[in-house]
Amino acid sequence: QVQLVESGGGLVQAGGSLRLSCAASGSILSINNMGWYRQALGKQRDLVASITTGGITNYADSVKGRFTISRDNAKNTVYLQMNSLKPEDTAVYYCYCNARPLGFGSRGYWGQGTQVTVSS
């Protein structure tokens with residue numbers, strides 16, 4: 001139905017930057033909200049940032065002013081620009097979208113996750 005493929009994770013020093021990308025593919029009629037979640041080892045998965053079709057954004061307090069979410073609706077792709085990274089940003093980052101595939105109703109979809117590691 002809908003597949004999400006993430007890229008851009010890796011290892012970076014504190015203060016550095018990374019850019020995550022997530023492309024949705026499949027028989028997609030429409031995509032509503034898109035976003036990024038993260039899950040650190042031994043912790044729950046939490047929202048990092050989300051963006052509506054119209055570009056309204058929402059951020060976790062811990063990343064405000066450092067991370068920027070954006071999307072390209074024509075490419076069904078969402079991005080997360082991460083600046084001034086801190087060791088506490090280390091986690092597996094998951095892409096999420098609410099989408100309606102052809103012949104089905106709207107539901108949530110998850111990517112496979114990409115590791116971000118920030119060294120001190």
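Colleague: Which strands form the open sheet, and in what order?

Modeller: The model is a predicted one. Strands of a sheet pair through backbone hydrogen bonds, either parallel or antiparallel. Here 4 strands form an open sheet in the order S1-S3-S8-S7, with antiparallel pairing. S1 and S7 are the edge strands, each pairing on one side only. On average, neighbouring strands of this sheet are turned by 15° against each other, direction ignored.

Colleague: Over how many bridges do S1 and S3 pair?

Modeller: The antiparallel pairing of S1 and S3 runs over 6 bridges.

Colleague: Which way does S4 run against S5, and how many bridges join them?

Modeller: S4 and S5 run antiparallel and are joined by 5 bridges. Tyr37 stands opposite Leu47 in S5. The two strands, S4 and S5, form a hairpin with 6 residues between them, and Gly42 in the turn has a positive phi of about 80°. S4 also pairs with S9, in the antiparallel sense, over 9 bridges.

Colleague: Which residue of S9 does Arg38 stand opposite?

Modeller: Arg38 lies in strand S4, which covers residues 28-39, and stands opposite Tyr93 in S9.

Colleague: Is Arg38 buried or exposed?

Modeller: The limit to keep in mind is that a residue counts as buried under 20% relative accessible area. Arg38 has a relative accessible area of 14%, and therefore it is buried. Its side chain makes a polar contact with the side chain of Ser62, at 3.3 Å. Leaving aside neighbours within four places in sequence, the residues in contact with Arg38 include Asp46, Glu88, Asp89 and Tyr93.

Colleague: Which residues touch the most other members of the largest nonpolar core?

Modeller: They are Trp36, Leu80, Met82 and Tyr93, in a core of 30 residues. Several strands each supply at least two residues of this core, among them S1 (2-7), S3 (18-26), S4 and S8 (77-82). The largest share, 5 residues, comes from S9.

Colleague: What is the geometry of the pair formed by the rings of Tyr37 and Trp110?

Modeller: The ring centres of Tyr37 and Trp110 are 5.0 Å apart and the planes stand at 70°, so this pair is edge-to-face. This pair links distant parts of the chain, with Tyr37 in strand S4 and Trp110 in strand S10 (residues 107-110), 73 residues apart.

Colleague: Why do Tyr37 and Trp110 count as partly exposed?

Modeller: The range for partly exposed residues lies between the limits for buried, under 20%, and exposed, over 50%. Tyr37 counts as partly exposed because its relative accessibility is 22%. Trp110 has a relative accessible area of 39%, so it is partly exposed.

Key
Residues numbered from 1 in each chain as written. Heavy atoms only, no water. Buried < 20%, exposed > 50% of the residue type's maximum accessible area, 1.4 Å probe, protein only. Polar contact = N/O pair within 3.5 Å; in protein donor to acceptor, adjacent residues only side chain to side chain. Contact = heavy atoms within 4.5 Å. Core = buried A, V, L, I, M, F, W, Y, C linked by side-chain atoms within 4.5 Å. Pairing = 2+ DSSP bridges. Axes fitted to C-alpha atoms, helices over the stretch in contact; angles between N-to-C directions. Phe/Tyr/Trp six-rings, centres within 6.5 Å; stacked < 30°, edge-to-face > 60°.
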